Amino acid sequence: MTTFSLYYHPLYSDGLDRTARFPVDRYRLLAEKISLLNSENNIRITEPRLATRDELLLVHEESFIDRFIEGNLSEKEVRRIGLKPWKPEIVPRTLRLVGGALDGLDELLNGAVLAGNMAGGTHHAFKSEGAGYCIFNDLAVAAEVALQKENIDRILILDLDVHQGDGTADIFAGDDRVITVSLHGQNNFPFRKKTSDLDHGFKDGTEDEEYLPVLDSVLEQLEGEHFDLIFFQAGVDGLASDALGLLNLSRAGMSKRNQRVFDWRRKMGKGMLIFMGGGYAKPIEDTVNVFADLYMMAAQEVIQNNK
(Lines give C-alpha, C1' and ligand atoms only; values in the text may rest on other atoms or scores of the structure.)
Protein backbone atom coordinates (compact mmCIF):
# COMPACT_ATOMS: atom_id res chain seq x y z
CA MET A 1 0.00 0.00 0.00
CA THR A 2 1.61 3.25 -1.16
CA THR A 3 -0.81 5.76 0.40
CA PHE A 4 -1.31 6.70 4.02
CA SER A 5 -4.87 5.96 5.17
CA LEU A 6 -6.32 8.70 7.36
CA TYR A 7 -9.86 8.59 8.74
CA TYR A 8 -11.99 11.71 9.09
CA HIS A 9 -15.67 12.60 9.36
CA PRO A 10 -17.27 16.09 9.34
CA LEU A 11 -18.94 15.14 12.64
CA TYR A 12 -15.52 15.39 14.29
CA SER A 13 -16.19 19.15 14.28
CA ASP A 14 -19.92 19.34 13.54
CA GLY A 15 -20.86 16.94 16.35
CA LEU A 16 -19.72 19.49 18.93
CA ASP A 17 -21.50 22.69 19.90
CA ARG A 18 -19.67 25.76 18.64
CA THR A 19 -19.99 27.43 22.05
CA ALA A 20 -18.11 24.62 23.84
CA ARG A 21 -14.86 25.56 25.58
CA PHE A 22 -12.91 23.47 23.09
CA PRO A 23 -11.30 24.16 19.68
CA VAL A 24 -14.23 22.68 17.77
CA ASP A 25 -12.99 23.77 14.34
CA ARG A 26 -9.54 22.19 14.53
CA TYR A 27 -10.68 18.96 12.81
CA ARG A 28 -12.36 20.78 9.93
CA LEU A 29 -9.42 23.16 9.55
CA LEU A 30 -6.95 20.27 9.56
CA ALA A 31 -8.93 18.40 6.90
CA GLU A 32 -8.91 21.52 4.74
CA LYS A 33 -5.18 22.04 5.32
CA ILE A 34 -4.31 18.47 4.39
CA SER A 35 -6.47 18.69 1.26
CA LEU A 36 -4.37 21.67 0.16
CA LEU A 37 -1.06 19.95 0.96
CA ASN A 38 -2.03 16.57 -0.48
CA SER A 39 -1.47 17.50 -4.14
CA GLU A 40 0.26 14.18 -4.88
CA ASN A 41 -2.53 12.16 -3.24
CA ASN A 42 -0.19 10.46 -0.80
CA ILE A 43 -2.93 10.56 1.85
CA ARG A 44 -6.23 8.77 1.32
CA ILE A 45 -8.93 10.31 3.52
CA THR A 46 -11.86 8.01 4.27
CA GLU A 47 -14.96 8.40 6.43
CA PRO A 48 -14.94 6.01 9.40
CA ARG A 49 -17.63 3.58 10.43
CA LEU A 50 -19.49 3.61 13.73
CA ALA A 51 -17.95 1.57 16.53
CA THR A 52 -20.36 -1.10 17.76
CA ARG A 53 -21.70 -1.59 21.26
CA ASP A 54 -20.01 -5.00 21.43
CA GLU A 55 -16.64 -3.40 20.61
CA LEU A 56 -17.11 -0.78 23.34
CA LEU A 57 -18.06 -3.54 25.81
CA LEU A 58 -14.56 -4.98 25.46
CA VAL A 59 -13.42 -2.07 27.66
CA HIS A 60 -16.32 -0.07 29.07
CA GLU A 61 -19.06 -0.90 31.53
CA GLU A 62 -22.44 -1.66 29.98
CA SER A 63 -24.35 0.88 32.04
CA PHE A 64 -21.99 3.71 31.08
CA ILE A 65 -22.19 2.85 27.36
CA ASP A 66 -25.97 2.62 27.31
CA ARG A 67 -26.57 5.75 29.38
CA PHE A 68 -24.30 7.75 27.09
CA ILE A 69 -25.94 6.49 23.91
CA GLU A 70 -29.41 7.12 25.36
CA GLY A 71 -28.46 10.60 26.59
CA ASN A 72 -28.89 9.69 30.25
CA LEU A 73 -25.54 10.53 31.81
CA SER A 74 -25.81 12.57 34.99
CA GLU A 75 -24.89 16.25 35.02
CA LYS A 76 -21.85 15.37 37.13
CA GLU A 77 -20.69 12.83 34.53
CA VAL A 78 -21.19 15.30 31.68
CA ARG A 79 -19.37 18.05 33.58
CA ARG A 80 -16.35 15.79 34.16
CA ILE A 81 -16.15 15.07 30.42
CA GLY A 82 -16.64 18.67 29.29
CA LEU A 83 -17.43 19.65 25.68
CA LYS A 84 -20.63 21.30 26.97
CA PRO A 85 -23.27 22.07 25.84
CA TRP A 86 -23.86 18.68 24.24
CA LYS A 87 -25.67 18.24 20.95
CA PRO A 88 -27.48 14.99 20.03
CA GLU A 89 -24.79 14.54 17.36
CA ILE A 90 -22.18 13.93 20.05
CA VAL A 91 -23.30 10.28 20.11
CA PRO A 92 -22.60 9.42 16.45
CA ARG A 93 -19.51 11.65 16.62
CA THR A 94 -18.12 9.60 19.50
CA LEU A 95 -18.94 6.28 17.82
CA ARG A 96 -17.27 7.40 14.58
CA LEU A 97 -14.24 8.66 16.48
CA VAL A 98 -13.72 5.18 17.91
CA GLY A 99 -14.66 3.67 14.56
CA GLY A 100 -11.89 5.65 12.88
CA ALA A 101 -9.35 4.04 15.19
CA LEU A 102 -10.77 0.59 14.46
CA ASP A 103 -10.75 1.21 10.70
CA GLY A 104 -7.10 2.25 10.98
CA LEU A 105 -6.40 -0.90 12.98
CA ASP A 106 -7.93 -2.97 10.19
CA GLU A 107 -5.47 -1.35 7.79
CA LEU A 108 -2.55 -2.48 9.97
CA LEU A 109 -3.95 -5.99 10.33
CA ASN A 110 -4.14 -6.15 6.53
CA GLY A 111 -0.48 -5.23 6.09
CA ALA A 112 -0.25 -1.42 6.22
CA VAL A 113 2.75 -0.04 8.13
CA LEU A 114 0.97 3.17 9.17
CA ALA A 115 -2.61 4.39 9.44
CA GLY A 116 -4.24 7.20 11.37
CA ASN A 117 -7.37 8.87 12.65
CA MET A 118 -7.86 12.64 12.45
CA ALA A 119 -9.29 12.68 15.98
CA GLY A 120 -9.21 10.55 19.11
CA GLY A 121 -6.44 9.56 21.43
CA THR A 122 -9.08 9.78 24.17
CA HIS A 123 -6.77 8.65 26.94
CA HIS A 124 -8.62 10.22 29.90
CA ALA A 125 -11.64 7.90 29.54
CA PHE A 126 -11.94 5.16 32.18
CA LYS A 127 -13.95 1.94 32.10
CA SER A 128 -17.03 3.44 33.72
CA GLU A 129 -16.70 7.18 33.16
CA GLY A 130 -15.31 9.80 30.85
CA ALA A 131 -13.12 12.79 31.71
CA GLY A 132 -11.09 15.58 30.15
CA TYR A 133 -12.91 15.77 26.77
CA CYS A 134 -12.81 11.95 26.48
CA ILE A 135 -15.90 9.69 26.50
CA PHE A 136 -14.78 6.24 25.34
CA ASN A 137 -11.11 5.26 25.31
CA ASP A 138 -10.36 4.55 21.65
CA LEU A 139 -6.80 3.45 22.42
CA ALA A 140 -8.07 0.80 24.83
CA VAL A 141 -10.90 -0.38 22.58
CA ALA A 142 -8.55 -0.71 19.60
CA ALA A 143 -6.06 -2.61 21.76
CA GLU A 144 -8.68 -5.08 22.94
CA VAL A 145 -9.97 -5.63 19.40
CA ALA A 146 -6.41 -6.21 18.16
CA LEU A 147 -5.63 -8.64 20.98
CA GLN A 148 -8.47 -10.86 19.85
CA LYS A 149 -6.47 -11.64 16.71
CA GLU A 150 -4.36 -14.80 16.75
CA ASN A 151 -1.13 -13.08 15.70
CA ILE A 152 -1.37 -10.15 18.14
CA ASP A 153 -0.18 -10.83 21.69
CA ARG A 154 0.99 -7.44 22.94
CA ILE A 155 0.39 -3.75 22.18
CA LEU A 156 2.63 -0.78 22.95
CA ILE A 157 0.80 2.48 23.64
CA LEU A 158 3.24 5.38 23.27
CA ASP A 159 1.47 8.49 24.57
CA LEU A 160 3.27 11.77 23.88
CA ASP A 161 0.35 14.07 24.65
CA VAL A 162 1.27 16.71 27.25
CA HIS A 163 -1.41 15.28 29.56
CA GLN A 164 -0.78 11.88 31.13
CA GLY A 165 -2.78 8.98 29.68
CA ASP A 166 -4.38 8.24 33.03
CA GLY A 167 -7.46 6.42 31.76
CA THR A 168 -5.38 4.12 29.57
CA ALA A 169 -2.93 3.43 32.42
CA ASP A 170 -5.79 2.58 34.76
CA ILE A 171 -7.60 0.32 32.28
CA PHE A 172 -4.47 -1.75 31.63
CA ALA A 173 -2.93 -1.65 35.12
CA GLY A 174 -1.37 -5.05 35.79
CA ASP A 175 -2.20 -6.26 32.27
CA ASP A 176 0.96 -7.59 30.61
CA ARG A 177 -0.73 -7.65 27.19
CA VAL A 178 -0.44 -3.85 26.91
CA ILE A 179 2.60 -1.65 27.61
CA THR A 180 1.55 1.87 28.60
CA VAL A 181 4.10 4.67 28.18
CA SER A 182 3.38 8.33 28.88
CA LEU A 183 5.66 11.36 28.47
CA HIS A 184 3.78 14.36 29.81
CA GLY A 185 3.87 17.60 31.76
CA GLN A 186 4.37 16.76 35.44
CA ASN A 187 2.30 19.69 36.71
CA ASN A 188 -0.50 19.43 34.15
CA PHE A 189 -3.89 17.70 34.12
CA PRO A 190 -4.66 15.12 35.41
CA PHE A 191 -3.46 16.35 38.78
CA ARG A 192 -3.82 12.89 40.32
CA LYS A 193 -1.67 10.80 38.03
CA LYS A 194 -2.12 7.08 37.49
CA THR A 195 0.82 4.72 37.07
CA SER A 196 1.76 3.69 33.53
CA ASP A 197 4.32 0.98 32.84
CA LEU A 198 6.69 3.85 32.07
CA ASP A 199 6.03 7.48 32.98
CA HIS A 200 8.15 10.59 32.58
CA GLY A 201 6.93 13.98 33.76
CA PHE A 202 8.54 17.11 32.31
CA LYS A 203 8.83 20.33 34.28
CA ASP A 204 6.99 23.45 33.10
CA GLY A 205 8.74 25.29 30.28
CA THR A 206 10.62 22.24 28.97
CA GLU A 207 12.16 23.02 25.56
CA ASP A 208 13.20 20.88 22.60
CA GLU A 209 16.77 20.43 23.85
CA GLU A 210 15.54 18.85 27.09
CA TYR A 211 12.61 16.91 25.66
CA LEU A 212 14.18 15.08 22.73
CA PRO A 213 17.00 13.30 24.62
CA VAL A 214 14.44 11.93 27.08
CA LEU A 215 12.36 10.62 24.18
CA ASP A 216 15.49 9.03 22.66
CA SER A 217 16.25 7.30 25.96
CA VAL A 218 12.69 5.98 26.31
CA LEU A 219 12.62 4.64 22.74
CA GLU A 220 15.96 2.93 23.30
CA GLN A 221 14.62 1.37 26.48
CA LEU A 222 11.54 0.08 24.65
CA GLU A 223 13.69 -1.75 22.10
CA GLY A 224 14.07 -4.52 24.68
CA GLU A 225 10.32 -5.10 24.90
CA HIS A 226 8.22 -7.50 22.83
CA PHE A 227 5.12 -6.06 21.14
CA ASP A 228 3.27 -6.59 17.87
CA LEU A 229 1.73 -3.16 17.19
CA ILE A 230 2.43 0.44 18.22
CA PHE A 231 -0.33 2.91 19.08
CA PHE A 232 1.07 6.46 18.91
CA GLN A 233 -0.96 9.08 20.79
CA ALA A 234 0.51 12.09 19.00
CA GLY A 235 -0.95 15.05 20.87
CA VAL A 236 0.74 18.35 20.05
CA ASP A 237 -0.29 20.25 23.18
CA GLY A 238 3.32 20.49 24.29
CA LEU A 239 3.67 23.29 21.74
CA ALA A 240 4.84 26.62 23.19
CA SER A 241 1.69 28.44 22.03
CA ASP A 242 -0.68 25.85 23.47
CA ALA A 243 -3.13 27.32 25.98
CA LEU A 244 -3.17 24.15 28.11
CA GLY A 245 0.31 22.76 27.62
CA LEU A 246 2.82 24.46 29.99
CA LEU A 247 5.76 23.13 27.90
CA ASN A 248 7.76 25.19 25.42
CA LEU A 249 8.28 22.94 22.40
CA SER A 250 8.68 24.43 18.93
CA ARG A 251 7.05 23.37 15.68
CA ALA A 252 10.45 22.12 14.50
CA GLY A 253 10.88 20.26 17.79
CA MET A 254 7.53 18.54 17.28
CA SER A 255 8.62 17.44 13.81
CA LYS A 256 11.85 16.07 15.27
CA ARG A 257 9.78 14.21 17.88
CA ASN A 258 7.61 12.65 15.20
CA GLN A 259 10.57 11.74 12.99
CA ARG A 260 12.31 10.03 15.90
CA VAL A 261 9.17 7.96 16.52
CA PHE A 262 8.81 7.08 12.83
CA ASP A 263 12.50 6.16 12.52
CA TRP A 264 12.21 3.98 15.60
CA ARG A 265 9.06 2.30 14.25
CA ARG A 266 10.95 1.43 11.08
CA LYS A 267 13.82 0.01 13.14
CA MET A 268 11.39 -2.11 15.16
CA GLY A 269 9.53 -3.25 12.03
CA LYS A 270 6.06 -2.92 13.56
CA GLY A 271 2.83 -1.39 12.31
CA MET A 272 1.78 1.91 13.87
CA LEU A 273 -1.64 3.45 14.38
CA ILE A 274 -1.66 7.23 14.94
CA PHE A 275 -4.22 8.78 17.31
CA MET A 276 -4.45 12.56 17.04
CA GLY A 277 -4.48 13.61 20.70
CA GLY A 278 -4.72 17.13 22.09
CA GLY A 279 -3.87 20.56 20.75
CA TYR A 280 -5.24 23.86 22.02
CA ALA A 281 -2.93 26.55 20.67
CA LYS A 282 -3.82 30.20 20.42
CA PRO A 283 -4.08 30.78 17.55
CA ILE A 284 -5.50 27.33 16.73
CA GLU A 285 -3.71 27.49 13.37
CA ASP A 286 -0.50 26.62 15.23
CA THR A 287 -2.06 23.32 16.32
CA VAL A 288 -3.45 22.67 12.84
CA ASN A 289 -0.05 23.26 11.22
CA VAL A 290 1.75 20.87 13.56
CA PHE A 291 -0.87 18.15 13.08
CA ALA A 292 -0.62 18.66 9.31
CA ASP A 293 3.16 18.21 9.62
CA LEU A 294 2.55 14.94 11.49
CA TYR A 295 0.26 13.43 8.89
CA MET A 296 2.30 14.60 5.90
CA MET A 297 5.37 13.06 7.54
CA ALA A 298 3.44 9.82 8.03
CA ALA A 299 2.58 9.81 4.33
CA GLN A 300 6.25 10.21 3.45
CA GLU A 301 7.10 7.39 5.82
CA VAL A 302 4.73 5.09 3.92
CA ILE A 303 6.36 6.10 0.64
CA GLN A 304 9.84 5.41 2.03
CA ASN A 305 8.71 2.05 3.34
CA ASN A 306 7.57 1.00 -0.13
CA LYS A 307 10.78 1.94 -1.94
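The structure is a predicted model, in which local features need pLDDT of at least 70, side-chain atom pairs count only at pLDDT 80 or more, and totals for chains, interfaces and linings use all residues. Residues are numbered from 1 along each chain as its sequence is written, and side-chain values use heavy atoms, with hydrogens and water left out. The model holds 23 salt bridges and 15 aromatic pairs. Helices (H or I, at least four residues) and strands (E, at least two) are DSSP runs numbered from the N terminus.

**Salt bridges**

- A salt bridge is taken as a side-chain nitrogen of Lys or Arg within 4 Å of a carboxyl oxygen of Asp or Glu; by this rule the count is 23.
- One of these joins E107 and R44, whose closest N and O atoms are 3.3 Å apart. This pair links distant parts of the chain, with E107 in helix α6 (residues 90-109) and R44 in strand β2 (residues 43-46), 63 residues apart.
- Burial is expressed as relative accessible area: buried means under 20%, exposed over 50%, and partly exposed in between (1.4 Å probe, protein chains only). E107 counts as buried at 10%, whereas R44 is partly exposed at 33%.
- E55 forms a salt bridge with R49, with 2.8 Å between the closest N and O atoms. Here E55 is buried, with a relative accessible area of 16%, and R49 is partly exposed at 28%.
- E301 and R265 also form a salt bridge, their closest N and O atoms being 4.0 Å apart. E301 lies in helix α11 (residues 284-305) and R265 in helix α10 (residues 251-268), so the pair ties together parts that are 36 residues apart in sequence. Both E301 and R265 are buried.
- A network of salt bridges links R18, D25, R28 and E32.

**Packing of α10 and α11**

- The axes of α10 and α11 come within 10 Å and cross at roughly 30°. Axes are lines fitted to C-alpha atoms, for helices over the stretch in contact, and angles run from 0 to 180 degrees between N-to-C directions.
- This makes α10 roughly parallel to α11, since angles under 35 degrees count as roughly parallel, over 145 as roughly antiparallel, 65 to 115 as roughly perpendicular and the rest as oblique.
- The crossing of α10 past α11 is right-handed; a crossing has this hand if the near helix is turned clockwise from the far one by less than a right angle, and is left-handed if anticlockwise.

**Aromatic contacts**

- Rings of Phe, Tyr and Trp (its six-membered ring) pair if their centres lie within 6.5 Å; planes under 30 degrees apart count as stacked, over 60 as edge-to-face and the rest as tilted. The count by this rule is 15 aromatic pairs.
- F22 and Y280 form an edge-to-face pair, at 6.0 Å centre to centre and 70° between the planes. The pair links distant parts of the chain: F22 is in the loop between α1 (11-14) and α2 (26-37), and Y280 in the loop between β8 (271-275) and α11, 258 residues apart.
- F22 is buried, with a relative accessible area of 11%, and Y280 is buried at 12%.
- The rings of F232 and F262 have their centres 6.5 Å apart and their planes at 85°, so this pair is edge-to-face. F232 in strand β7 (residues 229-233) and F262 in helix α10 are 30 residues apart, and both are buried.
- Ring pairs join Y8, Y12, F22, Y27, Y133 and Y280 into a cluster.
- The charged end of R26 sits over the ring of Y280, 5.2 Å from its centre; the criterion is NZ of Lys or CZ of Arg within 6 Å of the ring centre and within 35 degrees of the ring normal.

**Backbone features**

- The peptide bond from K84 to P85 is cis, with omega near -5°; P85 is in the loop between α5 and α6.
- The peptide bond from K282 to P283 is cis, with omega near 5°, and P283 lies in the loop between β8 and α11.
- N41, not a glycine, has a positive phi of about 55°. N41 is in the loop between α2 and β2 and is exposed, with a relative accessible area of 55%.
- Y133, a residue other than glycine, has a positive phi near 70°. Y133 is in the loop between β3 (114-117) and α7 (138-147) and is partly exposed at 28%.
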